Amino acid sequence: MSTAIDARPAEGLPVDGEPLLVVDDLSTTFATPRGPVRAVEHVDLSLPRGRTLGIVGESGSGKSVLSRSIMGLMPSYASRTGSVRFEGVEMLGADHSTLRKVWGAEMSMIFQDPMTALNPVKKIGNQITESIKEHLDYSSAQRRDTAIALLRSVGIPEPERRLNQYPHELSGGMRQRVVIAIALACGPALLFADEPTTALDVTVQAQILDLIADQQEEREMAVILVTHDLGVVATRADEIAVMYGGRIVEQAPTATLFREMRHPYTEALLRSIPRLDLPSHTRLEAISGRPPDLLHPPAGCRFAARCPYAQDRCRTEEPPLVAEPGGRADHLYRCWYPVGIAREQTTLDTIAEEAHVREPGDEQAVDLELVDDDAVEGNVD
Amino acid sequence: MAGSGTAHLGDPSDALLRVENLHVRFRTGRGTVFAVTDLSIDIRKGETLGLVGESGCGKSTTGRAIMQLPPPTEGSVTYAGDDLTRLHGEDLRRTRTKLQMIFQDPISSLNPRRPVQDIVAEGLRIWAKSAFSPLAIVAAVLTLIGIILLGIAVFGAGIGPAAVFGLLALIAGVGAGAFHLAGFGQPTDPSVEGKVREVLDAVGLDPDVAWNRRPHQFSGGQCQRISIARALVTEPDLIICDEPVSALDVSVQAQILNLLEDLKAQYGLTLVFIAHDLAVVKNVSDRVAVMYLGRICEVGPPDVIYAAPAHPYTRLLLDAIPEPDPDHRGRRAPEQGELPSPLAPPSGCHFRTRCPRADERCAAEVPLMAPTGDGRFVACHHPLVETAVAVASTPVG
């Protein structure tokens with residue numbers, strides 16, 4: 001395994017003093033028959049080696065499009081503007097042969113659904129060695145040894161036998177381990193994990209997340225963890241970016257985000273989660289309405305239509321993503337009337353204090369808007 | 001668990017539905033799958049019973065076996081004095097209007113070609129339908145004429161005009177019959193329309209807006225509301241909700257969970273809530289049954305079970321859940337092993353192969369349900385909480 005990692009130069013060190021990944025003003029637009037859909041707009045990020053960034057949002061928030069935009073896995077009808085520098089090299093507009101050298105070797109992705117991410121008619125061994133064959137000058141015996149070592153490191157018993165099996169012969173958890181082994185095969189510097197555990201049981205989810213954390217520590221790999229589950233990122237990410245309607249609405253180190261959340265959407269997400277530590281029949285605070293139509297985005301704050309605190313200014317003027325004057329420079333948010341400043345701070349504890357058991361006649365948030373015909377949802381997330 | 005027994009069943013008179021010694025086995029090319037093994041549970045009037053467990057634990061199979069979809073291999077399902085496993089044909093279908101289901105995928109469980117009003121009204125129309133509508137009579141007469149003419153043609157006259165007319169009559173008759181069965185040509189019953197409007201309103205959809213729309217014009221959460229309306233329309237006593245929120249975003253999930261609780265109060269419903277998410281199950285349930293490989297491990301009030309699980313499997317499940325709290329960082333999930341194959345479940349307690357407390361007794365004897373004294377029952381030889389039997393033998397001094 002160490003040979004695979006050594007193929008990468010300057011391990012653990014930033015290239016030219018720059019973090020591993022720097023995303024600057026990245027926007028992605030899909031051309032659809034009904035007009036342009038701005039799925040991701042004006043995203044700035046930077047990620048050093050060995051760190052984990054969590055990207056959180058609902059379906060349609062643009063979180064998956066963002067990770068694919070950074071990696072460059074885009075369909076032909078998508079266009080990107082801005083800049084993505086990876087190991088100091090500009091990836092936007094890079095030609096296909098440059099990207100082919102980076103994909104799999106330097107950046108790789110774990111996809112959500114382990115059944116469709118694997119080729120059902122190819123043996124697992126061949127699927128793992130495919131990228132090693134492409135990127136590293138290994139003999140076939142070395143490739144086989146590497147594949148066995150990878151399968152062992154992701155916790156698959158009897159790896160020698162598994163090499164000759166097909167995906168359908170494995171359980172869902174085992175298949176997802178194979179997908180991870182493939183993503184790790186060439187010792188990437190940056191790993192995208194797009195909802196890596198959504199299709200799995202909780203017991204398997206915990207094992208897979210631990211496995212990614214172990215591999216990250218061993219290889220000093222940076223991880224971008226995309227999920228809709230705040231519970232998953234709370235204990236796994238160093239920093240969290242909350243996305244809504246194609247934009248980052250709040251970004252902060254994990255502990256800061258949970259202790260001093262500023263954006264009403266972050267607050268609403270946390271309030272809507274059923275919690276194990278609260279009594280049975282606790283009323284959940286649903287978010288009424290639905291995410292904005294990205295074909296015709298609203299003029300002001302994208303969350304204004306669903307925000308319980310929205311005022312006139314929110315509907316006309318979009319707040320910028322900035323740090324609070326005199327506050328932490330690494331805590332950015334996009335809100336005119338932030339939680340904890342314009343009104344009281346919400347935390348896990350205050351939510352627990354306010355929690356009450358359901359009673360008939362409680363206000364019920366209802367969403368009555370119809371979806372437009374042939375909504376372009378499929379393209380957006 | 002791995003256990004069996006019936007100690008946890010309450011007084012039959014409190015139970016709306018009672019499942020006793022339920023077995024479900026499926027024959028496959030690779031052998032017999034033991035999906036549910038000797039499972040007993042009662043569902044009390046007005047409660048929400050949560051069924052929770054990993055995929056493959058038999059929770060959905062149990063829900064479907066209650067509905068006789070398909071009927072269980074062994075055991076009884078008693079509802080309103082009738083054993084559903086002994087009912088057939090129309091008796092079963094008529095009883096089943098009082099038991100309804102809501103499924104996981106809200107979009108694929110609705111017919112994409114039919115407007116919402118038809119989707120919701122179908123159950124009512126089937127049971128309101130008179131067998132002798134004009135269309136049914138026309139269909140029967142045409143089919144009969146067709147058969148007679150074709151018979152004459154085949155056995156006597158050869159291929160001639162009679163054969164052609166016969167064939168046409170037969171086609172028309174079968175077609176009319178199909179239309180009849182599909183619900184066309186029924187006299188529109190104003191009470192059907194009123195009921196459909198009422199349930200759409202109850203699930204938070206505007207009947208005037210939704211009436212002639214088709215499922216693709218609704219979001220996932222709205223489709224789940226339509227499914228709930230469809231289940232409510234026949235005025236059921238019991239609704240089995242099979243992973244009703246696992247395909248939805250958290251914000252929408254909260255809406256649907258609140259809605260189910262409101263409807264339960266409004267219509268006096270009893271719910272069976274099947275889900276893999278322990279936090280969701282805790283939120284809606286009055287009693288929770290934790291399942292493992294076809295058996296119940298532990299059943300009781302959620303606040304009791306979640307505060308101090310008695311079964312090692314429940315402990316393992318709870319430890320695996322990521323809490324939305326950064327202070328829990330660094331806590332590692334315990335080594336958990338893999339679910340054994342339901343083709344060859346372990347002897348004795350099904351959970352013993354993954355259980356840190358397992359010993360020889362667990363391999364030899366299936367544990368039986370025993371009370372822990374706080375309304376909870378556990379099937380384990382070495383529970384994490386003393387059972388009442390053991391407590392009784394060691395008086396508290």
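This is a short talk on how chain B meets chain A, and on how chain B itself is built. One caution before the details: the model is predicted.

Let's start with the interface. How many residues of chain B are in contact with chain A? There are 56 of them, and they touch 57 residues of chain A. Now the area. The size of an interface is often given as the accessible area lost when the parts come together. Here chain B and chain A bury about 4,700 Å² between them. Of that, 51% lies on carbon and sulfur atoms.

Next, the polar side of the contact. The count between the two chains is 16 residue pairs in polar contact, both residues at pLDDT 80 or more. Which elements of chain B supply this side? Five helices each give at least two residues: H8 (220-232), H9 (250-267), H10 (278-284), H11 (302-307) and H12 (312-320). H9(B) gives the most, with 12 residues. By residue class, the side of chain B that touches chain A splits into 23 nonpolar, 16 polar and 17 charged.

Now salt bridges. Across this interface the rule finds one. Which residues form the salt bridge? Arg283(A) and Asp262(B). Their closest N and O atoms are 3.4 Å apart.

On to the layout of chain B. The chain is divided into two parts. Domain 1 takes in 1-98 plus 236-397. Domain 2 covers 130-181. The centres of the two domains, taken over C-alpha atoms, are separated by 53 Å.

Last stop, the sheet in chain B. Four strands make an open sheet, ordered E2-E1-E4-E5, with antiparallel pairing. At the edges sit E2 (31-44) and E5 (82-83) of chain B, each pairing on one side only.

Let's walk across the sheet. E1(B), residues 15-28, pairs with E2(B) over 10 bridges. In that pairing, Thr28(B) stands opposite Gly31(B). E1(B) is also joined to E4(B), residues 74-79, by five bridges. There, Leu17(B) has Tyr79(B) as its bridge partner. Then E4(B) connects to E5(B) through two bridges, again antiparallel. Thr78(B) faces Asp83(B) across that pairing.

One detail to check on screen. E4(B) and E5(B) form a hairpin, with two residues between them. What is the phi of Ala80(B) in the turn? Positive, at about 50°.

Definitions and conventions
Residues are numbered from 1 along each chain as its sequence is written. Chains are lettered from A and ligands numbered from 1 in the order in which they are written. This is a predicted model: local features need pLDDT of at least 70, side-chain atom pairs count only at pLDDT 80 or more; totals for chains, interfaces and linings use all residues. Side-chain values use heavy atoms; hydrogens and water are left out. Contact means heavy atoms within 4.5 Å. Buried area is the accessible area (1.4 Å probe) that two parts lose on being put together, summed over both. A salt bridge is a side-chain nitrogen of Lys or Arg within 4 Å of a carboxyl oxygen of Asp or Glu. A polar contact is a pair of N or O atoms within 3.5 Å; within protein, one must be able to donate a hydrogen and the other to accept it, and residues adjacent in sequence count only if both atoms are side-chain atoms. Ala, Val, Leu, Ile, Met, Phe, Trp, Tyr, Cys and Pro count as nonpolar, Asp, Glu, Lys and Arg as charged, and the others, Gly among them, as polar. Domain bounds come from an automatic or database domain assignment. Two strands pair if DSSP finds at least two bridges between them.
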